[in-house]
Amino acid sequence: MTVDRERAERAVAEFLRAVGEDPDRPALARTPGRVAQLGAELFAGVGVDPAVELTASAVADVAADGPVAFRGVPFRSTCEHHLLPFTGTVSLVYLPGATVAGLGALVRTVETVAARPQVQERFTDELADALDRALGPRGVLVVAEAEHACVALRGPRIAGAAVVTMAARGGYAVEPGRAEALALVRGGG
(Lines give C-alpha, C1' and ligand atoms only; values in the text may rest on other atoms or scores of the structure.)
Protein backbone atom coordinates (compact mmCIF):
# COMPACT_ATOMS: atom_id res chain seq x y z
CA MET A 1 0.00 0.00 0.00
CA THR A 2 1.17 3.50 -0.73
CA VAL A 3 0.26 6.16 1.81
CA ASP A 4 -0.88 9.53 0.49
CA ARG A 5 1.69 11.45 2.55
CA GLU A 6 0.44 14.93 1.71
CA ARG A 7 -3.10 14.04 2.73
CA ALA A 8 -1.87 12.37 5.91
CA GLU A 9 0.26 15.40 6.79
CA ARG A 10 -2.71 17.74 6.31
CA ALA A 11 -4.86 15.50 8.52
CA VAL A 12 -2.26 15.45 11.30
CA ALA A 13 -1.87 19.24 11.15
CA GLU A 14 -5.65 19.59 11.38
CA PHE A 15 -5.78 17.18 14.31
CA LEU A 16 -3.15 19.26 16.13
CA ARG A 17 -5.27 22.36 15.53
CA ALA A 18 -8.37 20.50 16.79
CA VAL A 19 -6.68 19.75 20.13
CA GLY A 20 -5.58 23.38 20.52
CA GLU A 21 -2.01 23.14 19.24
CA ASP A 22 -0.24 25.17 16.58
CA PRO A 23 1.21 22.78 13.99
CA ASP A 24 3.42 25.61 12.71
CA ARG A 25 5.28 26.16 15.95
CA PRO A 26 8.92 25.08 15.55
CA ALA A 27 8.75 22.00 17.77
CA LEU A 28 5.72 20.66 15.86
CA ALA A 29 6.57 21.84 12.34
CA ARG A 30 7.93 18.44 11.23
CA THR A 31 5.46 16.34 13.24
CA PRO A 32 2.89 15.89 10.44
CA GLY A 33 5.60 14.48 8.16
CA ARG A 34 6.88 12.19 10.87
CA VAL A 35 3.39 10.87 11.60
CA ALA A 36 2.75 10.31 7.87
CA GLN A 37 5.97 8.27 7.66
CA LEU A 38 4.98 6.33 10.78
CA GLY A 39 1.61 5.56 9.18
CA ALA A 40 3.36 4.19 6.12
CA GLU A 41 5.42 1.87 8.34
CA LEU A 42 2.63 0.81 10.70
CA PHE A 43 0.11 0.11 7.93
CA ALA A 44 2.36 -1.40 5.25
CA GLY A 45 0.28 -4.60 5.32
CA VAL A 46 -2.97 -2.94 4.23
CA GLY A 47 -4.08 -4.57 0.98
CA VAL A 48 -1.27 -7.16 1.02
CA ASP A 49 -2.15 -10.86 0.88
CA PRO A 50 -0.14 -12.53 3.67
CA ALA A 51 -0.37 -15.94 2.01
CA VAL A 52 1.79 -14.78 -0.92
CA GLU A 53 4.99 -14.83 1.15
CA LEU A 54 4.23 -18.32 2.42
CA THR A 55 3.37 -19.65 -1.02
CA ALA A 56 6.59 -18.25 -2.48
CA SER A 57 8.71 -19.94 0.21
CA ALA A 58 6.81 -23.22 0.38
CA VAL A 59 8.93 -26.31 -0.07
CA ALA A 60 7.01 -29.26 -1.50
CA ASP A 61 7.49 -32.95 -0.91
CA VAL A 62 9.14 -32.64 2.48
CA ALA A 63 8.70 -35.71 4.63
CA ALA A 64 7.22 -34.15 7.76
CA ASP A 65 4.95 -36.48 9.67
CA GLY A 66 4.87 -34.34 12.80
CA PRO A 67 3.80 -30.80 13.56
CA VAL A 68 5.89 -27.67 13.07
CA ALA A 69 5.71 -25.17 15.93
CA PHE A 70 7.20 -21.68 15.86
CA ARG A 71 6.70 -20.17 19.30
CA GLY A 72 7.07 -16.67 20.68
CA VAL A 73 7.30 -14.66 17.46
CA PRO A 74 7.15 -10.99 18.53
CA PHE A 75 4.71 -8.64 16.82
CA ARG A 76 3.28 -5.16 17.10
CA SER A 77 0.02 -4.02 15.60
CA THR A 78 -2.41 -1.12 15.86
CA CYS A 79 -5.86 -1.34 17.41
CA GLU A 80 -8.40 -0.04 14.93
CA HIS A 81 -10.61 1.37 17.70
CA HIS A 82 -8.17 3.96 19.10
CA LEU A 83 -5.13 3.70 16.78
CA LEU A 84 -2.99 2.69 19.73
CA PRO A 85 -0.50 -0.17 19.64
CA PHE A 86 -0.86 -3.68 20.92
CA THR A 87 2.27 -5.78 21.22
CA GLY A 88 3.02 -9.34 22.11
CA THR A 89 4.00 -12.71 20.75
CA VAL A 90 2.31 -15.21 18.50
CA SER A 91 2.87 -18.94 18.22
CA LEU A 92 2.15 -20.80 15.00
CA VAL A 93 1.65 -24.56 14.82
CA TYR A 94 0.83 -26.46 11.66
CA LEU A 95 0.72 -30.09 10.66
CA PRO A 96 2.22 -30.14 7.16
CA GLY A 97 0.39 -31.61 4.23
CA ALA A 98 2.65 -31.70 1.17
CA THR A 99 4.51 -28.44 1.87
CA VAL A 100 6.36 -26.64 4.63
CA ALA A 101 7.18 -22.94 4.91
CA GLY A 102 10.50 -21.26 5.51
CA LEU A 103 10.78 -19.81 9.01
CA GLY A 104 11.62 -16.37 7.64
CA ALA A 105 8.45 -16.47 5.55
CA LEU A 106 6.44 -17.24 8.69
CA VAL A 107 7.93 -14.16 10.37
CA ARG A 108 7.23 -11.97 7.32
CA THR A 109 3.66 -13.27 7.25
CA VAL A 110 3.18 -12.28 10.89
CA GLU A 111 4.64 -8.84 10.12
CA THR A 112 2.34 -8.38 7.11
CA VAL A 113 -0.82 -9.30 9.01
CA ALA A 114 0.24 -7.14 11.98
CA ALA A 115 0.88 -4.08 9.78
CA ARG A 116 -2.72 -2.94 9.47
CA PRO A 117 -5.32 -1.41 11.76
CA GLN A 118 -7.28 -4.25 13.33
CA VAL A 119 -8.33 -6.16 16.41
CA GLN A 120 -6.33 -9.02 17.89
CA GLU A 121 -9.07 -11.54 17.14
CA ARG A 122 -8.86 -10.77 13.40
CA PHE A 123 -5.05 -10.80 13.51
CA THR A 124 -5.15 -14.36 14.86
CA ASP A 125 -7.78 -15.51 12.35
CA GLU A 126 -5.97 -13.94 9.38
CA LEU A 127 -2.74 -15.72 10.30
CA ALA A 128 -4.54 -19.06 10.57
CA ASP A 129 -6.27 -18.46 7.24
CA ALA A 130 -3.00 -17.49 5.51
CA LEU A 131 -1.25 -20.64 6.73
CA ASP A 132 -4.21 -22.77 5.74
CA ARG A 133 -4.53 -21.28 2.23
CA ALA A 134 -0.82 -21.17 1.39
CA LEU A 135 0.40 -24.45 2.80
CA GLY A 136 -2.60 -26.79 2.69
CA PRO A 137 -1.73 -28.26 6.10
CA ARG A 138 -3.71 -30.95 7.89
CA GLY A 139 -4.09 -28.61 10.87
CA VAL A 140 -3.29 -25.04 11.97
CA LEU A 141 -3.28 -23.45 15.40
CA VAL A 142 -2.37 -19.81 16.07
CA VAL A 143 -2.18 -18.38 19.60
CA ALA A 144 -1.50 -14.67 20.14
CA GLU A 145 -0.87 -12.97 23.48
CA ALA A 146 -0.66 -9.18 23.62
CA GLU A 147 -0.88 -6.13 25.82
CA HIS A 148 -3.04 -3.30 24.54
CA ALA A 149 -2.11 0.35 25.04
CA CYS A 150 -5.79 1.31 24.87
CA VAL A 151 -6.39 -0.72 28.04
CA ALA A 152 -3.29 0.66 29.77
CA LEU A 153 -3.65 4.33 28.79
CA ARG A 154 -7.37 5.00 28.76
CA GLY A 155 -10.59 3.59 30.14
CA PRO A 156 -9.70 1.01 32.80
CA ARG A 157 -5.98 1.97 32.75
CA ILE A 158 -4.79 -1.52 33.54
CA ALA A 159 -1.13 -2.00 32.64
CA GLY A 160 0.32 -5.46 32.16
CA ALA A 161 -2.92 -7.32 31.44
CA ALA A 162 -2.67 -9.62 28.43
CA VAL A 163 -5.29 -10.70 25.93
CA VAL A 164 -4.96 -14.22 24.51
CA THR A 165 -6.65 -15.23 21.26
CA MET A 166 -6.63 -18.51 19.40
CA ALA A 167 -7.63 -19.68 15.92
CA ALA A 168 -7.60 -23.27 14.73
CA ARG A 169 -8.20 -24.94 11.38
CA GLY A 170 -8.40 -28.55 10.18
CA GLY A 171 -7.26 -31.25 12.57
CA TYR A 172 -6.32 -28.69 15.21
CA ALA A 173 -9.87 -27.34 15.37
CA VAL A 174 -10.98 -30.50 17.18
CA GLU A 175 -9.65 -32.79 19.88
CA PRO A 176 -7.23 -34.53 20.27
CA GLY A 177 -5.34 -32.44 17.70
CA ARG A 178 -6.04 -29.16 19.48
CA ALA A 179 -4.61 -30.46 22.76
CA GLU A 180 -1.46 -31.68 20.96
CA ALA A 181 -0.93 -28.29 19.29
CA LEU A 182 -1.58 -26.37 22.52
CA ALA A 183 1.01 -28.54 24.30
CA LEU A 184 3.57 -27.45 21.69
CA VAL A 185 2.65 -23.78 22.22
CA ARG A 186 3.09 -24.20 25.97
CA GLY A 187 6.48 -25.82 25.52
CA GLY A 188 5.58 -29.45 25.90
CA GLY A 189 4.98 -32.09 23.33
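Start with the largest pocket, which has a volume of about 340 Å³. A pocket here is an open set of points on a 1 Å grid over the protein atoms alone, where a 1.4 Å probe fits and protein lies on both sides within 12 Å along at least five of seven lines. The volume is the space filled by probe spheres set on the points, with points joined across faces, edges and corners. The model is predicted: local features need pLDDT of at least 70, side-chain atom pairs count only at pLDDT 80 or more, and totals for chains, interfaces and linings use all residues. Residues are numbered from 1 along each chain as its sequence is written, and side-chain values use heavy atoms, with hydrogens and water left out.

Select Val35, Gly39, Leu42, Phe43 and Leu83, which lie nearest the centre of the pocket among its 14 lining residues; a lining residue has an atom within 4 Å of a point. Helix H1 (5-18) and helix H2 (31-42) each supply at least two residues of the lining. H2 gives the largest share, 5 residues. Helices (H or I, at least four residues) and strands (E, at least two) are DSSP runs, numbered from the N terminus. By class the lining has 12 nonpolar, 2 polar and no charged residues. Ala, Val, Leu, Ile, Met, Phe, Trp, Tyr, Cys and Pro count as nonpolar, Asp, Glu, Lys and Arg as charged, and the others, Gly among them, as polar.

Stay on Leu83. This residue sits in the loop between E2 and E3 and has a positive phi of about 55 degrees although it is not a glycine. Most residues other than glycine have a negative phi. The two strands around this turn form a hairpin with 5 residues between them.

Next, select strand E2 (residues 68-79) and strand E3 (residues 85-95), which run antiparallel and are joined by 9 bridges. Strands count as paired if DSSP finds at least two bridges between them. Thr78 has Pro85 as its bridge partner in E3, and Pro74 stands opposite Thr89. On the E5 side, the bridge partner of Thr78 is Pro117; E2 and E5 run parallel, with 2 bridges.

On its other pairing, E3 meets strand E6 (residues 139-148) in the antiparallel sense over 10 bridges, where Ser91 stands opposite Val143.

Now show aromatic side chains; the structure holds 2 aromatic pairs. Phe75 and Phe86 have ring centres 6.0 Å apart and planes at 80 degrees, so this pair is edge-to-face. Phe75 lies in E2 and Phe86 in E3, so the pair ties together parts that are 11 residues apart in sequence. Rings of Phe, Tyr and Trp (its six-membered ring) pair if their centres lie within 6.5 Å; planes under 30 degrees apart count as stacked, over 60 as edge-to-face and the rest as tilted.

Last, select Glu175 and Pro176, which are joined by a cis peptide bond with omega about 0 degrees. Pro176 lies in the loop between E7 and helix H7 (177-186).
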